[in-house]
Amino acid sequence: MSALPPTATNGNELFVAASFSGGGARAAALAYGVLDAMRETAVEVNGTRRTLFGELDIVSAVSGGSMTAAYLGAHGDAIFPAFYDKVLMRDLQSDFVRELLSPTNLDWLFSDRYGRSDVLAAFLDREIFSGIRYADLLARRTRPWISISATDMSLGARFEFVQDQFDLLCSDLASVHLATAVAASSAVPIVLSPLTLKNYSGPCPVDANLDLYGLFGDRRKAKQLELTSTYLDKKDRPFVHLLDGGLADNLATRGPLESTLARGGFREVVNESGTQGIRWFVFIVVNAESHSGFDSDRSDRVPSLFRVSQAVADIPLGRYSNDSLELLREALTRWSNESSEYDGKPMQAYFIEVNLDADEAKGDHQSLRTLPTALSLPPDDVRRIIEAGKAHFLGSRELARLLKDLSASK
């Protein structure tokens, strides 16, 4: 991890990380609602009054959440209300289908090297991200740091759009379009094709032992080393095919956890990223995972093939996500303890999860969790999701505890 860029308004004492889950427009809208709530949340650190949004340092995102994260990385606080007007209120799904079926744009039908995800990347690049590349994000030199993940189809492992990952391919992330990362992270199997990257490994100086990543030690690290090493074999893997990031990590929380593990612990990450002096660490999980509902359980009829397919996809994702949340909670406690070991001052950790369970508990005729995972949703549903996200975040007990602790530190 490179050193996080400093900003005029964002210090290290209050460190805020967030993860935006998959879930199509449902996830994009929920993430936007949480960001809007953070913008309304005033905090005071060392006598300086700011907003929690202004303190956001890192965002990890997959699939639908990557759309919001990428727009945030490109435009900062200009995301309000531009993303709402330009993306969430637009029928992107219909516009993309028209693009896909346009007589002038049917190369994907006849080519084995240009697929539906390539069309999506070009569409998003033109309509949403205006040709912005990662070089433009780096040039801004402001936080938050954005990490978008896809899934390596051959390994079933996360593939992050960060320079460390691209170093293994002897490639430069700066030249990659933001829309390419979002399209790769959103490449739902069957509906969209895998998005392909070329592997240039060989001519560039990459440590064959991968000591840079600190991957020696226990069995988990050894397995990670084995997977990572495959990128160094250009002869065997001249290309890398990417699918929806939610397949490997639908909550986008595994990246920070595995990165910390790979680098030897929280202290090493803090030193490497230049974020010494953290007193309050906040991790916000925006969880827009779906639930297909109980309609099939109201009948003795054999569930349809579509309903069974939904369950087959949702069950393992849900269990894996629950495990990820527990690992994250444990990690926050461990990181807090580690921080006190090297500076004598225990870091306070806060875990805030925002999901749509509260809406489901109300017994609404259509729970927001049952809304389809699509590129766009009806405006009324988008507004409901945003308001639900804001209400859930602002009503969080962990947020109240954070604000109380910050106030007591004055």
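Predicted model: local features only at pLDDT ≥ 70, side-chain atom pairs only at ≥ 80, totals over all residues.
Colleague: Why is Val 191 called exposed?
Modeller: Its relative accessible area is 58%. Exposed means over 50%, so Val 191 qualifies. Val 191 sits in the loop between α9 (178-185) and β7 (195-198). With Val 188 and Ile 190, Val 191 forms a nonpolar surface patch of about 310 Å² accessible area together.

Colleague: What makes Asp 381 buried?
Modeller: Asp 381 has 13% relative accessibility. The limit for buried is under 20%, so Asp 381 counts as buried. Asp 381 lies in helix α16 (residues 379-394). Leaving aside neighbours within four places in sequence, Asp 381 is in contact with Leu 368 and Leu 371.

Colleague: How do you know that Arg 384 forms a salt bridge with Asp 381?
Modeller: The closest N and O atoms are 3.4 Å apart. The cut-off is within 4 Å, so the pair meets it. Arg 384 and Asp 381 are 3 residues apart in helix α16, about one helical turn.

Colleague: Why is Arg 384 called partly exposed?
Modeller: Its relative accessible area is 26%. That falls between the 20% and 50% limits, so partly exposed is the term.

Colleague: What makes Asp 95 and Arg 98 a salt bridge?
Modeller: Their side chains meet at 2.3 Å, N to O. That is within 4 Å, so the name applies. Both residues lie in helix α4 (residues 92-101). Asp 95 is buried at 17%, whereas Arg 98 is exposed at 53%.

Colleague: How many salt bridges does the structure hold?
Modeller: The structure holds 19.

Key:
Residues numbered from 1 in each chain as written. Heavy atoms only, no water. Patch = residues over 30% accessible without salt bridge, like charges linked within 9 Å, V, L, I, M, F, W, Y side chains within 5 Å. Areas by Shrake-Rupley, 256 points an atom, 1.4 Å probe, with all protein chains shown as cover. Helix = DSSP H or I, 4+ residues; strand = E, 2+ residues; numbered from the N terminus. Buried < 20%, exposed > 50% of the residue type's maximum accessible area, 1.4 Å probe, protein only. Contact = heavy atoms within 4.5 Å.
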